[in-house]
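Biologist: Can you take me through the helix packing and the charged pairs in this one? Start with whatever term I need for handedness.
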Amino acid sequence: MSEVPAGPAVVMAQSRSLMLKDRLRRLDLPLVVASACIVAILLGGSLYNSSFLSPHYLIQQLQVASFLGIVAAGAMLVILLGHIDLSVPWTLTAGAMLGTGLAGSTLGGVEAIPIALAVGAGIGLVNGLGVAFLRVPSMIFTLGVNAVLQGLMVLYTGGSAPASSAAPIVRWLSGGQLVPGLPNAILVWAAAGVFTTVLLRATPFGRSVYAIGNRERAAYLSGMPVKRIVCLSFMLAGSASALAGVLLTGYAGKAFQGMGDTYLLPAIAAVVLGGTSIAGGRGTYTGTIIGTILIVLLQSMLAVMQMPDAGRQIIYGAVIFVMLLLYGRSRAGQA
């Protein structure tokens, strides 16, 4: 018995169904959910406090987010490789303290920025050499480096904050306004974001990072300089943390002990909430920006609600856990 050919209406319906499934398959579920969470936080916060949607408040939150966003840019490079950098807290602090303490007054303190970047790159090089050449797991090696940095900074400062304050150029970069109404820290974050996006999307280095994150051995067998890419990625991550430390110094007025302790978990959370795979090989900085804004707004709302620190940590962990589940489901649906 021969089959009856489907009519035009049935064929069109099947075609629409396939197109819808294809669009859903291409949809970045974590990114959509993170964006929806931002909208929900803004709406919920506006019901609790009417200033939540005011332009002044939103710009202020973007300024706060700029420091975390720069740290997250470096953390993302390492996570894309399938590694993790736990030396962020004291890399940030060391960059801030040494940049502030070693900068002179002859150039108005402008040398604080290259000093901090060099310190961060040096710390990142140590991390990269340990992970790439010594083959020590990144979680263990970078945690050890973080502990060593803490001891070195305590020796350098004698256990107190450095006597020197932030240089005028650093204060201007953090709180000045080249564009009226827009703090310069946001512009620095935008520049860092453009650099990171171009680096990942339009350079052989970026393509190598994704390839190594997907399968390191295959990338090595194909001739990619895996060890060099790993070292360079950790160096960029260290420089990003140190740059954020310098900007925070300008924002706070001076460097202080433990100023980077509150940036480790939020930076990793921002990367993961933005859809970057914690196993490496997948993610965009656009997603990390959205994750950063989500984390900062969540922190702000919890602060307004006077949530204790323990409750904030529980909420952070719960949000990351839920997003990881969503990420796993979206990956399974694309397989």
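Modeller: A crossing is called left-handed if the near helix is turned anticlockwise from the far one by less than a right angle, and right-handed if clockwise. Bear in mind that this is a predicted model.

Biologist: Fine. Which hand does the crossing of H3 and H11 have?
Modeller: The crossing of H3 and H11 is left-handed. Helix H3 covers residues 55-80 and helix H11 residues 226-252; their axes come within 7 Å and cross at roughly 170 degrees. Angles over 145 degrees count as roughly antiparallel, so H3 is roughly antiparallel to H11.

Biologist: Which residues of H3 meet H11?
Modeller: On the H3 side, Gln 63, Val 64, Phe 67, Ile 70, Val 71, Gly 74, Leu 77 and Val 78. Their partners in H11 include Phe 234, Ala 240, Leu 247 and Tyr 251.

Biologist: How many are nonpolar, polar or charged?
Modeller: The contact of H3 with H11 has 15 nonpolar residues, four polar and no charged.

Biologist: New topic. How many salt bridges does the count come to?
Modeller: The count comes to one salt bridge. Glu 216 pairs with Arg 135, with the closest N and O atoms 3.4 Å apart.

Biologist: Where do the two sit?
Modeller: Glu 216 is in helix H10, and Arg 135 is in the loop between helices H5 and H6, 81 residues apart. Glu 216 is partly exposed at 25% relative accessible area, while Arg 135 is exposed at 53%.

Key
Residues are numbered from 1 along each chain as its sequence is written. This is a predicted model: local features need pLDDT of at least 70, side-chain atom pairs count only at pLDDT 80 or more; totals for chains, interfaces and linings use all residues. Side-chain values use heavy atoms; hydrogens and water are left out. Axes are lines fitted to C-alpha atoms, for helices over the stretch in contact, and angles run from 0 to 180 degrees between N-to-C directions. Helices (H or I, at least four residues) and strands (E, at least two) are DSSP runs, numbered from the N terminus. Angles under 35 degrees count as roughly parallel, over 145 as roughly antiparallel, 65 to 115 as roughly perpendicular and the rest as oblique. Contact means heavy atoms within 4.5 Å. Ala, Val, Leu, Ile, Met, Phe, Trp, Tyr, Cys and Pro count as nonpolar, Asp, Glu, Lys and Arg as charged, and the others, Gly among them, as polar. A salt bridge is a side-chain nitrogen of Lys or Arg within 4 Å of a carboxyl oxygen of Asp or Glu. Buried means under 20% relative accessible area, exposed over 50%, partly exposed in between (1.4 Å probe, protein chains only).
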